Amino acid sequence: MPQSASIISGIQKMVLYETRARYFLVGTNQAQTKHRVLKIDRTEPKDLVIIDDKHVYSQQEVRELLGRLDLGNRTKIGQKGSSGLSRAVSAFGIVGFVRFLEGYYIVLITKRRKMADIGGHSIYKIEDTSMIYIPNDSVRVTHPDEARYVRIFQNVDLSSNFYFSYSYDLSHSLQYNLTLLQRPYELWSSPASSAEEEVQTQSKQDCFDIFEDEGLPTQVVYGLLNEPYYKYVWNGKLLERVKDIVHHDWLMYIIHGFCGQSKLLIYGRPVHITLIARRSSKFAGTRFLKRGANCEGDVANEVETEQIVHDASVMSFTAGSYSSYVQVRGSVPLYWSQDISTMMPKPPIRLDQADPYAHVAGLHFDQMLQRFGSPIIILNLVKKREKRKHEKILSEELYPAVINLNQFLPPDNWIDYIAWDMARYTKSKLCNVLDRLSMIAENVVKRTGFFINCSDFFCHTLRPDDRWGDLGGHIAASGRVQTGVLRTNCVDCLDRTNTAQFMVGKCALAYQLYALGMIDKPKLQFDTDCVRLFEELYEDHGDTLSLQYGGSQLVHRVKTYRKIAPWTQHSKDIMQTLSRYYSNAFSDADRQDAINLFLQVYQPSESKPHLWELPTDFYLHQRNTMALPQDRRSVDFGSNKTSKEETLLQRKTAASAPPPPSEEAISSTSEDDSEEDRDDDGSVSQRSTPIKLLTESGESNRTQEEIQHHQQQQQQQQSVKEPYGLNLAEFPAEEDQLIYERFAHLGESQHRVERTERINLAHIICLEPVSCFPEDSIYAALPPQVDRDSRDEFESHVMTGQGQVRVLCRDDMLMYREYVKNRYM
């Protein structure tokens, strides 16, 4: 990657100035030599009006501009006592713009702390933010629920493990940033940028600009612009409103997860080890409220962990030596959930929806293949032997899904499935858990390889190692590239998963240091300074992710599985377990609401029920299932019959699970699950939307039997429609009901004709209600028109299936020869 200032964001500091009618956001680079200005209108009560001046100002020009604005906004011209332009806040970046039921807010980063340095690119952690309401008080339209939405939004603590960088794309891996973006700067700034400059100039002429009378020339400067990977971006929706309006220097994408860096000396050479964890913003939430996967293949608690090792003696990307290794954790990609209304430490696992063709697992692994390539290796750590089925349910569903998906992949690219009951091995006194994990890690790293930007491996030249020849990945001219990834999971993807990932990372670290010429063989022993620092880094990483998803720090650590943990660690484990249980039972519902609001999964509106009124957020995360009923507030939420505690219990129970099953499905389950299903049955009456049969006075000719029959049909449709994504609270139109009844009666009449053979069919049709449409031809089922060649081709296939092969013609022979030539030569 070229080391030029063009790839660095030109805005790293900013000051927000305020007048009665506008906000002026002045941004500058680190050296304060180049400035840009954003104008935000404050006279719009609900809309966001932003004008970006594309001109790059010097420090003197900005001072003159602010002076003119100050003078022009005073109440009286020439008055010295009052200021027309006041300084509101200093900031280091824009998180985004958000609106609830009133006007827009701007969220600014007011404090930052440097956490790591990669190739001269600084990575910062957000320490504090400021949320400022944009419209002026004189035009503010108040809403009674606005303050509650603000409190929910601010429950997402932006000062807790949110990271950003001005010059390094944290949403992508180092391998992506150093290989796919390693192109000359001229390729990025040639005709494309000039065309874009023309478009910007044209748009600037078409719109109102507050600086057009300043007489300053417009200068548009474009650099290397890379699109982030939005799956790991947490403020993408907050910037969506202004993404195409402002210059890209204003856009700064943040990730959520963990970032830590350890510095050590190996034989006098400085080495930096950086650990970056990226949490997925898709299907994000807390432990029991987000389980499994949604209909788009996004899984809960999905985290991409990358360890970067580089020689700190040379910090440049072009001249330095850098290596990275990536692995992934995430929930089992199935439709499953756990009901926490029972207040049990381990609620029973429930498979919510049958997926016989492994559709959701296929979507998930398709995403992984697109991002990492093959092989995809699954390390499943859930239990195999249990007195009563709990975790085993997930393995019994995941393994057939992988077998099914491998049918459609070439054998070289099959998904590799490794199942190992880590908990059972831990209880055994004869088995060493970490030794077995070390063997698995060696196999995994050899298959996937790792990334390094050096083509000459000094260590292997001096002291060759036998294991180096079996190393996988792709060898390029500039080094080695990782292909494929390890995906580790247990039930929670916290304790066991973190230990397994540490052992794989330790094995990869040995290969990385060996390739960098730091050690003489790709193997690291425990109880060395390097491994000790690496273990502390991974434990901080695991504690952070566990707090974000489970509500407590890790319960079982690497020392626990090494069986060298002190006795005091057991009491700490008990406290962490109690803390996790308390968080899951009492605070996770509020945290889930905050995440849904921050990620804009739910956007408040006057026409929708409030976020705290929703009995479940299932339909917010399952885009392809069912639209949320617009009139649900009048049906479910208008009455005060249920208490606040019951409503909270309903939300906790149904937060991540689909609607409860019907009575027929409950009666067909096994006896072992009868108690759980009875609990679900008890919540049906609370969460289901009653559907009434609307009858008008003009329909008095219907008999009571017909009305009862229609009610039964509506009830059956309700139980059948739920899995198929229809809006149950939306009644069919009157015209649709007339058409349905007409053809239903027509079907019954035709059945009577065939049975009795006495009644004339034409006479029955004449007696039926007249359709409101002038023609009924569109409802007729016309046979498909097939040409002669297609019919001959189909008949030949049928004959071949019966063992009767027709004689090959000349065209068939030529086609076969061409196929053989292209396939094997």
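## Two helices crossing: H11 and H12

An axis here is a line fitted to C-alpha atoms, for helices over the stretch in contact, and the angle between two axes runs from 0 to 180 degrees between N-to-C directions. With that in hand, turn to this predicted model and find helix H11 and helix H12, which covers residues 529-549. Their axes come within 10 Å and cross at roughly 140°. That makes H11 oblique to H12, because an angle has to be over 145 degrees to count as roughly antiparallel. The crossing of these two helices is right-handed.

Which residues of H11 and H12 make the contact? On the H11 side they are Asn498, Gln501, Phe502, Gly505, Lys506, Leu509 and Leu513. H12 answers with Cys530, Val531, Phe534, Glu535, Tyr538, His541 and Gly542. Sorted by class, the contact of H11 with H12 holds 7 nonpolar, 5 polar and 2 charged residues.

## H11 and another partner, H9

Two packed helices are described by the angle between their axes and the distance between the axes. H9 passes H11 in a right-handed crossing.

You can pick out this contact residue by residue. From H9 come Leu434, Leu437, Ser438, Ala441, Glu442, Val445 and Lys446. They meet Thr499, Ala500, Met503, Val504, Cys507, Ala508 and Tyr511 in H11. By class, the contact of H9 with H11 has 10 nonpolar, 2 polar and 2 charged residues.

## The chain as a whole

Now step back to look at the protein chain. How many helices and strands are there in the protein chain? The chain has 25 helices and 21 strands. It runs to 825 residues, and 48% of them count as buried.

Contacts can also be sorted by how far apart the partners sit in the sequence. Among contacts with a separation of 6 or more, 70% are between residues 24 or more positions apart.

## Looking for disulfides

How many disulfides does the count come to? The answer is 0.

Cys493 is buried, with a relative accessible area of 0%. Cys295 is buried too, with a relative accessible area of 10%.

## Backbone details in the loops

Start with the loop between helix H6 (359-372) and strand E16 (376-380), where you will find Pro375. A cis peptide bond joins Ser374 to Pro375, with omega at about 10°.

Next, look at phi. Phe283 is not a glycine, yet its phi is positive, near 55°. Phe283 is in the loop between strand E11 (269-279) and strand E12 (303-311). Is Phe283 buried or exposed? At 6% relative accessibility, Phe283 counts as buried, because the cut-off for buried is under 20%.

Ala358 also has a positive phi, of about 55°, although it is not a glycine. Ala358 lies in the loop between strand E15 (349-351) and H6. With a relative accessible area of 4%, Ala358 is buried.

## Two residues and their surroundings

Thr286 lies in the loop between E11 and E12. At 0% relative accessibility, Thr286 counts as buried. What is Thr286 in contact with, leaving aside its neighbours within four places in sequence? Its partners are Tyr549, Asp588, Arg591 and Gln592.

Asp128 is found in strand E8, which spans residues 121-133. Its relative accessible area is 34%, and Asp128 is partly exposed. Leaving aside its neighbours within four places in sequence, Asp128 is in contact with Leu108, Ile109, Thr110, Lys111 and Ser159. Asp128 and Asp157 are 29 residues apart along the chain, and their C-alpha atoms are separated by 8.9 Å.

Definitions and conventions:
Residues numbered from 1 in each chain as written. Predicted model: local features only at pLDDT ≥ 70, side-chain atom pairs only at ≥ 80, totals over all residues. Heavy atoms only, no water. Left-handed = near helix turned anticlockwise from the far one by under 90°. Helix = DSSP H or I, 4+ residues; strand = E, 2+ residues; numbered from the N terminus. Contact = heavy atoms within 4.5 Å. Nonpolar A, V, L, I, M, F, W, Y, C, P; charged D, E, K, R; others polar. Disulfide = S-S within 2.5 Å. Buried < 20%, exposed > 50% of the residue type's maximum accessible area, 1.4 Å probe, protein only. Parallel < 35°, antiparallel > 145°, perpendicular 65-115°, else oblique.
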